[in-house]
Amino acid sequence: MPEEKVLLQMNNIVKIYPGVRALNNVNFTLQKGEIHSLCGENGAGKSTLIKILTGAEPRDGGDIFLNGNPVFPKTPMDAQKLGVSTVYQEINLCPNLSVAENIFIGRQPRKKIGGIDWKKMNSLSETAMARLNIKMDVADALGEYSVAIQQMVAIARAVDTNSKVLVLDEPTSSLDTKEVRQLFHAMRNLKKQGMGIIFISHFIDQIYEITDRVTILRNGNYIDSRPIKDLPRMDLISKMIGKDIAAGESYKDRIDGERTEKKKFYSAKNLGKRGVISPSDITINYGEVLGFAGLLGCGRTETARLIFGIDRPDDAEIEIKGKKVKINSPADAIRQGMGFCPEDRKTDGIIANLTVRENIILALQGREGIFKRIPLARQVEIANYYIKLLSIATPSCEQLAGNLSGGNQQKVILARWLTINPELLLLDEPTRGIDVGAKAEIMNIVVRLSNEGKAILFISSELDEVARCSGRVLVFRDRSLIGELEGEVSTRRIMETIAYAGQEEAHG
Amino acid sequence: MDKIKALLRRKEVLSIAALSLLLLFNVFFTPGFFSLELKEGHFYGSLIDVLKRGAPLMFMAIGMTFVIATGSTDISVGSVAAIAGAVAAQMIGGDFSATAGTAASSLTPLPLAIGAALLTATLCGVWNGFLVSYLGVQALIATLMLQVAGRGIAQLVTRGNVITMYYKPFFEFGTGYFLGLPICIYVVLAVALIAYLFSKKTSYGLFLESSGSNRSSTRYAGIKVQTMIWIAFAISGLMAGIAGVLIASEVKAADANNAGLNYELDAILAVVLGGNSMKGGRFSLAGSLIGALLVQALTTTIYMKGVPAQTILVVKAVVVILVGIIQTTNYRKLLARFVKKQPSEAFEVGK
């Protein structure tokens, strides 16, 4: 490629946060008229790299060249002046102002005597929207338009005539299929005009549809950068999650039990929520570990939230033990015999300034209600029983839960659900951020519960963990259920499903 | 030794220390502060005065404790008190045609009148709770509405007049004595005890602390956080109602404009001085009551020292700032480093 086509070059970028090297000599090159995807799982360093590019964070090393000139953006305003514009996931616009006002807010064209030149502003806005191939009445209030159009307005606002680089951070996450089309159309238009676009998305299909080139990061390291057409989906996924698929695994230590008779505990038809996850049918049987697998943002957690009633499904038919039920809140789900260890332990799980005892008995007491208080002596007894059973390391059951380590907090939450003796336990990333020893212990508990005949729903971003302990795996991609695996579930099979399910070209 | 340490870590310690300090100051510098006189079987003196004048504030502080435990505030309590007083007065009636300055009877039976007043106040709380927990209006805004509108409602009830009452049995609550002490003190104790039992002997206290500490986690654990918040506001309304009836009974009139004026701020102050965090979570009713006494004792002391009335607010502000600083975590950490030269408990576990 001729050298003058290079628009942006980031060399050996280093970013160090206290205790962690968030970026380790990362390279990134963007050409003119190119749509470039930045891919990686949680903690890969995508957003850190973008923050450094846009001046939101200072870098600890490396160089940035824009059109061959070294640049040092110190604030997002700096970056904007240099020609790097960013549109974030959440739209920061004012719905009650007109489209034109939103585009020109803070930099309205002035008349000579100082007033705002509305005519000029509106005509400039029309031109700006036309660049995105959209004709609209820019004097209308922004709130009257769909989210996709609002997104486009946000882009129009970001894209000045002197803009060269446009960063789109998860622009499609709140759009439906038709709106995504519109957005892509606009992106192609900008591309034709020579703009370089950095596109960040969790949606594999979209990445393959719109991008020219992909750069993959993992754990703060640069992994690879290639034209998309030279990168099969399987390779992309394995590079993102860092598993070598050549080493075909087969796990023998999956839980074995009598799986002959399948008794349904939970079944849902049409379980979905518009804009969050597309509807699917899900069944969970007694005594099985059902795994949910997929990449970050694929819809696995969203589905679990619907099952547990944290979010309300649109119009699902839910049956529990053969009876039709409505589950509109966690309290409903608990009444039906479910428990849920959430993904984010700190915000949704542990209550840091209550004691271990209070944390453990909370769900049980919640089910009993306000007026049937469990006597203190009984509370202590229950708490101590589970502290011993799960070997929770705490000086006493009156210790504040916030003082415990991550693994022990996770066990406390597990204990909270064990107290209500649930028939279905949903575990969302139960082993994230805890040490190896605690991980193994928690996995053992899962196995034991399953052998006791409980239904377990197991969600993990570690595919081999899912493969190892699940008897059946539902695979999610791009916010929909795309496949079900049974029998010998291996990491390789899961990855193949993520990559190719629903594709015409049948690879591997 | 551990027990003493645990005791020293309690929320109430600071407010007790502050109150003791204030009383100690009065021992030396305010002659007559501790003198008690027995007249006609009634005790008189500054201490009794603090208890008696502090009673309405203590009621409100009890209710405010629950609301603050959810992480909200209720700034409508003063107005709700005015509404309750107005309802009670309207139903008892201000009738001049009585003999010897007291009316022989009330328009409605006394229990009914008081009941109606308290019910109205509770409904005010329910309204606040509905706005905050179901509609998601910010507590400050939601209760500001009633703070402003409440005085208007009270005026509607009294038709814009100050209703003076002449029905003696009603005055017992605010001015009567039993065994030498004002009756309202017994009522405070009884209500505080009921509130304490409700928070500790049911699991409401736990649910409230949990909701205030981490709303999301609490919801995930199957607890109806909205209902808990709603109940807290209803209690706050009821407590403001009791305070309102007490104020009306004490001044023998219902003044829609001035009854309970600015009490909401003193109530919040009492709760915070009692060691309760505005962020919600753990709460201490005892702390709030001591906080209320502290606020009242401070006011009384300032009056007795002959400080000009217009500077009272400034003196109060200085005390509030001091206590506020002492309560910050940073200051406490600093203090802990001086007091014991070992790492605090937070680091002993969790490797």
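Which helix of chain B gives the largest share of the nonpolar patch? Hold that thought, everyone. This is a predicted model, where local features need pLDDT of at least 70, side-chain atom pairs count only at pLDDT 80 or more, and totals for chains, interfaces and linings use all residues. Residues are numbered from 1 along each chain, chains are lettered from A in the order in which they are written, and side-chain values use heavy atoms, with hydrogens and water left out.

Okay, the answer: helix 2 of chain B, residues 12-29, with five residues. Helices here are DSSP runs of H or I, at least four residues, and strands are E runs of at least two, numbered from the N terminus. The patch includes B:Phe25, B:Phe28 and B:Phe34, and together its residues have about 770 Å² of accessible area. Areas come from the Shrake-Rupley method with a 1.4 Å probe.

B:Phe34 sits in the loop between helix 2 and strand 1 (37-39) of chain B. At 36% relative accessible area, B:Phe34 is partly exposed. Buried means under 20%, exposed over 50%, and partly exposed in between.

Now chain A. A:Asp314, A:Asp315, A:Glu317 and A:Glu319 make a surface patch of negative charge, and A:Asp315 is exposed at 57%.

Last one: most residues other than glycine have a negative phi. Yet A:Glu170 has a positive phi, near 50°, and counts as buried at 7%.

Definitions and conventions: Patches are made of residues with over 30% relative accessible area and no salt bridge: like charges are joined within 9 Å, nonpolar side chains (Val, Leu, Ile, Met, Phe, Trp, Tyr) within 5 Å. A salt bridge is a side-chain nitrogen of Lys or Arg within 4 Å of a carboxyl oxygen of Asp or Glu. Lys and Arg count as positive and Asp and Glu as negative; His and the chain ends are not counted. The place of a charge is taken as NZ of Lys, CZ of Arg, CG of Asp or CD of Glu. Buried means under 20% relative accessible area, exposed over 50%, partly exposed in between (1.4 Å probe, protein chains only).
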